[in-house]
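Here are some questions and answers for a reader meeting this structure for the first time. Each answer works towards the value or name that was asked for.

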Amino acid sequence: TPSASSPKVCIVGGGPAGFYTAQHLVKTRPDVQVDIYERLPVPFGLVRFGVAPDHPEVKNVINTFTQTAQHARCSFHGNVSVGKDVSVQELQEAYHAVVLSYGAEGNMTMGVPGEDLPGVYSAKDFVGWYNGLPRNRDLRPDLMCETAVILGQGNVALDVARILLSPVDILKNTDITQPALDSLAKSRVRRVLIVGRRGPLQVACTIKELREMVSLPGTRPQMEASDFEGIAKTLKALPRPRKRLTELLLKAAVETPEEKELERRNSAQKAWGFRFLRSPVEILPSADLTRTTGIRLAVNRLESKGEDVWAVATGEVEDVECGLVISSIGYKSLPIDPAVPFDARKHIIPNTMGRVQQSAGLYCSGWVKRGPTGVIATTMNDSFDTARTLLHDMDQGTLDISTVKGGSKEVTALLEKRGVKPVLFSDWEKIDSEESRRGETRGKPREKLLDVGEMLKVAWA
Ligand code: FAD
């Protein structure tokens, strides 16, 4: 059990990085007390709001996070926005160490004219919409067009493509929000083009996600055979994961499938395909400027030096008609508090092995530490690394734990004065039960609450 003189660590952000950092700390050091502060009333970050609803197995990590939250020396305080409700400096006064694990809540923009037109969305917002992120509740994307163009060829792009094209019957028993399901049921989108600025050898997705696309019921791959000229010859020299990915891509794009698969493809009503060597130049508006009707793409060629391969515009352009443009070119972290160093070029907190540079007692983990790439397992390892660094500093005495700190008591008092009431893990469990109850009647694992006000009402009922 924690005592007044226990070392106290607080973690900012209740996503995978926050929970894995907390887990390693409480497991490794028997006296440390860890408190997690999370902006939303609900925990788990992108596991709840990013991971696709048809990937329920990925969300099993929630069980481990729940065990951590229920640990005697760990506590969860949702509904607390650090940087706004409480400053990082105030947290540093109340704790021996502060770990920043607040993820990457911004997104890279294309920087082309027309980007703000109706019909153009970031993948981040689109994903937030179908996953019930409160701030994206009112996005209500218009799906009444035939063709959608997705910019970017990573796993998030493929998640979006898959959700747009999946038969609603597959989605209806997932935790996708009901408004998104209703909207997808009426969707007219029949063709999704997944555009990348480089070639087939540079796609950024992994094989699992590509395999899911290739076998997605009711759809067929539709690619340009000419994009794959010479690719088969390169296979031998490729590292194994890239080789397998490229083989699958070739199979979907150019090989004649066996009869059963041919039949399946011929009867498919919807199509998807990669488009390579294209960069966005402009989103084309309708005559009355009220929405998008297409996208102008620059045609690229590749240049390379050693391992590096980059796209160079040829000067040629190509217009593609579409009613929906989704840019999936990356998330980025945002600065949280002026007192915390921030690398505005790399969009991360500058750190050495998780120690925030020139800031004793400040640490970071997860996407805000290394940038918005990598699966949950990558985030786990990186969070364990940060926890190790922190524990090492405690052991070595470079992190001072000799003074008594007020911890969550001090912060809760401060928040109370500011009219902010935290949502504790037991409060979240009430939200969780309510969501499960609402889901049950629809054959879903849960029906997410979409509104922060409603979450708070259920939490404090
Ligand atoms: P996050 O998960 O973003 O957590 C950050 C948390 O900090 C959030 O809860 C946020 O609300 C909170 N926060 C932000 N600002 C503040 C503040 N000021 N005060 C307090 N709290 C704050 N990985 C897989 O392994 N499999 C998948 O299928 C998969 N699918 C993905 C799909 C999408 C669309 C995305 C974007 C990612 C996916 N990932 C997947 C990757 C995985 O989600 C990340 O590796 C992981 O979530 C990163 O963890 P994090 O804790 O750094 O960030």
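Q: Which residue in E14 does leucine 151 stand opposite?
A: The model is a predicted one. Strand E7 covers residues 147-151, and E7 pairs with strand E14 (residues 324-327) in the parallel sense over 4 bridges. Leucine 151 stands opposite a residue of E14, namely serine 327.

Q: Is strand E7 largely enclosed by the rest of the structure or largely open, and how many of its 5 residues are buried?
A: A residue is taken as buried if 20 or more other C-beta atoms lie within 10 Å of its own. By that count E7 is largely enclosed by the rest of the structure, because the number of its 5 residues that are buried is 4.

Q: Is alanine 204 buried, partly exposed or exposed?
A: Alanine 204 is found in the loop between strand E8 and helix H9 (207-214). It has 16 other C-beta atoms within 10 Å, so alanine 204 counts as partly exposed.

Q: What separates the C-alpha atoms of alanine 204 and glutamine 153?
A: These two residues are 51 residues apart along the chain. Leaving aside neighbours within four places in sequence, alanine 204 is in contact with Gln153 and Gly154. The C-alpha atoms of alanine 204 and glutamine 153 are separated by 5.6 Å.

Q: How far apart do the C-alpha centres of domain 1 and domain 2 lie?
A: The domain assignment gives domain 1 as 8-105 + 333-459 and domain 2 as 108-330. Their C-alpha centres lie apart by 32 Å. The contact takes 17 residues from domain 1 and 21 residues from domain 2. On the side of domain 1 that touches domain 2, the residues divide into 8 nonpolar, 3 polar and 6 charged, while the distance asked for is 32 Å.

Q: Why does the ligand lie between two domains, and which are they?
A: There are 35 residues around the ligand, the closest being Gly13, Gly15, Gly45, Gly103 and Gly366. By type, the shell divides into 17 nonpolar, 14 polar and 4 charged residues. The ligand lies between the two domains because both give residues to this shell: domain 1 and domain 2.

Q: Which helix gives the largest share of the shell around the ligand?
A: Helices H1, H6 (155-165) and H14 (376-396) each supply at least two residues of the shell. The largest share is 3 residues, and it comes from H1.

Q: How many residues are in the largest nonpolar core?
A: Nonpolar side chains tend to be buried together in soluble globular proteins. In this core, Val9, Val34, Leu91, Val98, Val99, Leu100 and Leu390 touch the most other members. Its largest share, 6 residues, comes from helix H1 (residues 16-28). Another core, of 56 residues, lies apart from it and has Leu133 among its members, whereas the number of residues in the largest core is 59.

Terms used. Residues are numbered from 1 along each chain as its sequence is written. This is a predicted model: local features need pLDDT of at least 70, side-chain atom pairs count only at pLDDT 80 or more; totals for chains, interfaces and linings use all residues. A nonpolar core is a set of buried Ala, Val, Leu, Ile, Met, Phe, Trp, Tyr and Cys residues joined through C-beta atoms within 7 Å. A residue is buried if 20 or more other C-beta atoms lie within 10 Å of its own, exposed if 12 or fewer, and partly exposed in between; C-beta atoms are placed from the backbone. A residue is near a molecule or strand if its C-beta atom, placed from the backbone, lies within 6 Å of it. Ala, Val, Leu, Ile, Met, Phe, Trp, Tyr, Cys and Pro count as nonpolar, Asp, Glu, Lys and Arg as charged, and the others, Gly among them, as polar. Domain bounds come from an automatic or database domain assignment. Two residues are in contact if their C-beta atoms, placed from the backbone, lie within 7 Å. Two strands pair if DSSP finds at least two bridges between them.
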